[in-house]
Amino acid sequence: MSGKHSVEKIGGTSMAATATLFDNVLIAGRKGADLYNRIFVVSAYAGMTDLLLEHKKSGEPGVYARFVADDGADGWRHAIETVRTAMHGRNADMFARAESLAEANAFVDARIDAVAACLDDLARLRSHGRFCVKEQLVTVRELLAGLGEAHSAHSTALLLRDRGVNACFVDLTLWDQEDMRGLDERIEQAFATIDLATTLPIVTGYAGCSEGMVRRYARGYSEMTFSRIAVLTQAREAIIHKEFHLSSADPRLVGTDKARKIGRTNYDVADQLANLGMEAIHPGAGRGLRQTDIPLRVRNTFDREDGGTLICGKYVSDTPRVEIVTGIRTAQALQFFEQDMVGVKGYDAAILEALTRHGAWIVSKASNANTITHYLSADAAKVKRVIADLQDRYPDASISAHPVAIVSVIGSDISRPGLMPDALKALAQADIDVIAMQHQIRNVDVQFVVDTRHYDAAVAALHRALVEEHDEPVAEGRRAA
């Protein structure tokens with residue numbers, strides 16, 4: 001396999017819009033041979049992984065969280081039946097053929113019953129008090145995560161076959177202790193006998209493997225599967241289908257008529273977005289594509305005719321310009337001051353170790369002779385735990401944290417003369433004080449730290465000054481040196 005096919009990832013929101021997905025992506029007017037030479041990697045339907053694990057934003061417990069909490073004998077059992085009902089409901093909305101609906105529901109029931117049996121066994125062991133099942137909880141989380149993608153991939157393949165497409169369900173979720181292969185080996189075996197010219201593979205975004213996809217990549221595991229499939233099968237292009245265009249700013253903040261779709265950019269820009277939690281692609285997944293020179297296209301599922309945004313490794317805009325203004329509405333500025341720090345090593349490493357131990361995501365950092373400041377994407381409770389650990393180790397240090405907003409201007413080349421004065425002037429005219437600023441030599445992004453209440457206004461002011469007032473046709477760009 002080399003160079004003729006695309007590998008395409010479909011997100012959960014796009015998966016849930018089934019009719020649009022078929023009309024705009026899966027079939028989209030294709031017939032015969034044009035339907036093939038594509039591989040689709042699918043996420044669970046929107047909301048399903050929240051029910052299986054826990055809600056990504058609110059933290060509301062799903063099956064996994066209820067099993068961990070052991071909140072009464074029936075807590076997780078009720079939760080898993082909620083999942084069954086939701087999956088059956090999704091199937092009922094999608095399938096017109098009674099036989100296909102029955103097949104889809106039977107598949108769901110078999111998978112849920114198998115996982116429920118595992119949880120029952122663990123629950124019985126836990127009830128004896130002599131057994132510690134803590135080390136098995138990682139495995140439980142992996143099993144539950146795979147259920148969502150198994151359901152969506154199986155149903156999608158079945159729906160395609162109902163429409164006369166030779167689709168095959170590629171299930172990467174199944175694994176056990178006697179079959180602990182690595183991700184690459186599992187993918188290579190799965191595709192060894194598939195003829196892409198005549199078969200349309202629908203692949204689970206979760207893959208059971210020795211690395212542990214959820215443990216290693218959290219909710220970004222499906223993009224890692226997608227990336228490794230593209231690399232290992234030597235795809236000509238990788239495509240991600242999302243529910244929006246990759247735009248110059250949030251249209252809700254700058255106006256739908258002011259936001260510009262990004263036609264082309266590079267993986268540097270994608271990395272900056274990932275760092276801010278505005279992922280075009282998981283940074284680990286983007287790394288593999290970048291290293292093998294596979295371009296990534298981000299397309300809007302709901303805009304069939306638009307080619308989307310093309311992300312390449314070597315692209316740099318012909319004219320230095322800001323491509324995107326975005327950021328984090330509420331971050332935490334963790335400030336560590338120690339008078340004795342001057343000329344002494346070890347403080348930085350200790351702070352990084354504490355942040356890593358508590359899982360605090362570092363957006364950026366700054367330091368001077370006796371102060372180190374980290375800007376974190378983390379909640380206040382987590383940062384308090386970090387401070388407590390550091391204060392125990394450095395009782396004489398002054399350690400504090402407070403909420404801030406980070407607004408970042410990003411582009412493949414933002415070295416335009418006058419950009420910084422223009423940005424600061426725009427913020428000053430909007431009566432926005434800059435608390436701190438980060439400008440890297442690489443000229444890919446500048447971060448402005450402002451009060452949280454000024455986030456929306458700062459995005460709008462910077463977009464108006466740096467994008468709208470410098471609007472030019474998007475050039476083909478140049479290759480980086």
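Glu468 is buried (under 20% relative accessible area, with exposed over 50% and partly exposed in between; 1.4 Å probe, protein chains only), yet it has no salt bridge. A salt bridge here is a side-chain nitrogen of Lys or Arg within 4 Å of a carboxyl oxygen of Asp or Glu. The nearest side chain of opposite charge, Lys258, is 5.0 Å away. Lys and Arg count as positive and Asp and Glu as negative; His and the chain ends are not counted.

This is a predicted model: local features need pLDDT of at least 70, side-chain atom pairs count only at pLDDT 80 or more, and totals for chains, interfaces and linings use all residues. Residues are numbered from 1 along each chain as its sequence is written, and side-chain values use heavy atoms, with hydrogens and water left out.

The Glu468 side chain does make a polar contact with the side chain of His463, at 2.7 Å. A polar contact is a pair of N or O atoms within 3.5 Å; within protein, one must be able to donate a hydrogen and the other to accept it, and residues adjacent in sequence count only if both atoms are side-chain atoms. Beyond its neighbours within four places in sequence, Glu468 is in contact (heavy atoms within 4.5 Å) with Lys258 and His463. Glu468 sits in the loop between α17 (455-466) and β16 (478-479). Helices (H or I, at least four residues) and strands (E, at least two) are DSSP runs, numbered from the N terminus.

**Strands**

Strand β10 (residues 324-337) has 10 of its 14 residues buried, so it is largely enclosed by the rest of the structure. Two strands pair if DSSP finds at least two bridges between them. The pairings are listed here.

| Strand pair | Sense | Bridges |
|---|---|---|
| β10 and β13 (398-410) | antiparallel | 12 |
| β10 and β12 (371-377) | antiparallel | 6 |
| β13 and β15 | antiparallel | 6 |
| β14 (436-439) and β15 | antiparallel | 4 |

Leu334 lies in β10. Its bridge partner in β13 is Ala401. Ala333 has Tyr375 as its bridge partner in β12. Leu334 is buried, at 2% relative accessible area. Leaving aside neighbours within four places in sequence, its contacts include Leu355, Ile372, Val383, Ile387 and Ala401. Leu334 and Lys384 are 50 residues apart in sequence but 9.6 Å apart in space, C-alpha to C-alpha.

How many of the residues of strand β15 (residues 445-450) are buried? The count is 6 of the 6, so β15 is largely enclosed by the rest of the structure. Asp445, Gln447 and Val449 point one way, and Val446, Phe448 and Val450 the other way. In a regular strand the side chains alternate between the two faces of the sheet. Val449 stands opposite Ile406 and opposite Ala436. β14 and β15 form a hairpin with 5 residues between them. Asn443 in that turn has a positive phi of about 60°.

**Helix α7**

Of the 26 residues, 21 are buried. Gly164 follows α7, with a positive phi near 85°.

**Positive phi in loops**

Asn37 is not a glycine, yet its phi is near 55°. Asn37 lies in the loop between α2 (18-26) and β2 (38-42) and is partly exposed, at 26% relative accessibility. Asp293 also has a positive phi, about 60°. Its loop runs between α13 (283-291) and β7 (296-300). Asp293 is exposed, with a relative accessible area of 55%.
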